[in-house]
Amino acid sequence: MIYPWHLYIMGAIYIFAGFMHFLKPKVYLRIMPRYLPFHKPLVLLSGIAEVALGVGLFFKETKNLSIYGIIAMLAVFLLVHFYMLSSEKASAGFPKWLLLLRLPLQFALMYWAYSYLKL
């Protein structure tokens, strides 16, 4: 089955984002909540998850599982977004308006993924 081109764009975005965890881990380490242990392994695991879930979108057999995984992953990532809003230091220098904008964006990304379950 051939899926809409924008599903493949979504897959490419997650694959790219996942590889960035390996290419620029310091960016992700800066925003890890202090209450979580093992920051570097968590950054690398989240990168692996993003790549695997992005690749999974390209195959009929794994598409729906990847969609559920992406939604769950984005829900977990909300911890990071709320943590970044908790203090000036946690914000890693990002302006508050941008951090606030990321919250509805997470839910929009979840809905975008969910919309492909019907296909």
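**Figure 1. The largest pocket of the predicted model.** The largest pocket holds about 810 Å³ of space. A pocket is an open set of points on a 1 Å grid over the protein atoms alone, where a 1.4 Å probe fits and protein lies on both sides within 12 Å along at least five of seven lines; lining residues have an atom within 4 Å of a point. Grid points are joined across faces, edges and corners, and the volume is the space filled by probe spheres set on the points. Of the 31 lining residues, His21, Tyr28, Phe77, His81 and Arg102 are the closest to the centre of the pocket. H1, H2, H3, H4 and H5 each give two or more residues to the lining, and H4 gives the most, with eight. Helices are DSSP runs (H or I, at least four residues), numbered from the N terminus. This is a predicted model, in which local features need pLDDT of at least 70 and side-chain atom pairs count only at pLDDT 80 or more, while totals for chains, interfaces and linings use all residues. Residues are numbered from 1 along each chain as its sequence is written, and side-chain values use heavy atoms, with hydrogens and water left out.

**Figure 2. The two sides of helix H1.** H1 has 19 residues and reaches 27 Å from its first C-alpha to its last, close to the 27 Å expected at 1.5 Å a residue (1.5 Å times one less than the number of residues). Leu7, Met10, Gly11, Tyr14, Ile15, Ala17, Gly18 and His21 are buried in H1 (under 20% relative accessible area, 1.4 Å probe, protein chains only). These residues lie on the same side of H1 because they cover an arc of only 160° around the axis, taken from the directions from the helix axis to the C-beta atoms. On the other side, Trp5, Phe16 and Leu23 are exposed (over 50%). The buried residues of H1 pack against H2 (25–30), H3 (39–56), H4 and H5.

**Figure 3. The largest nonpolar core.** Among its 22 residues, Met10, Tyr14, Leu57, Ile67, Ile70 and Met84 touch the most other members. Such a core is a set of buried Ala, Val, Leu, Ile, Met, Phe, Trp, Tyr and Cys residues joined through side-chain atoms within 4.5 Å. H1 (5–23), H4 (60–85) and H5 (96–114) each supply at least two residues, with H4 giving the most, eight.

Figure 4. Leu103 is buried, with a relative accessible area of 13%. Leaving aside neighbours within four places in sequence, Leu103 is in contact (heavy atoms within 4.5 Å) with Leu78, His81, Phe82 and Leu85. The C-alpha atoms of Leu103 and Leu78 are separated by 7.3 Å.
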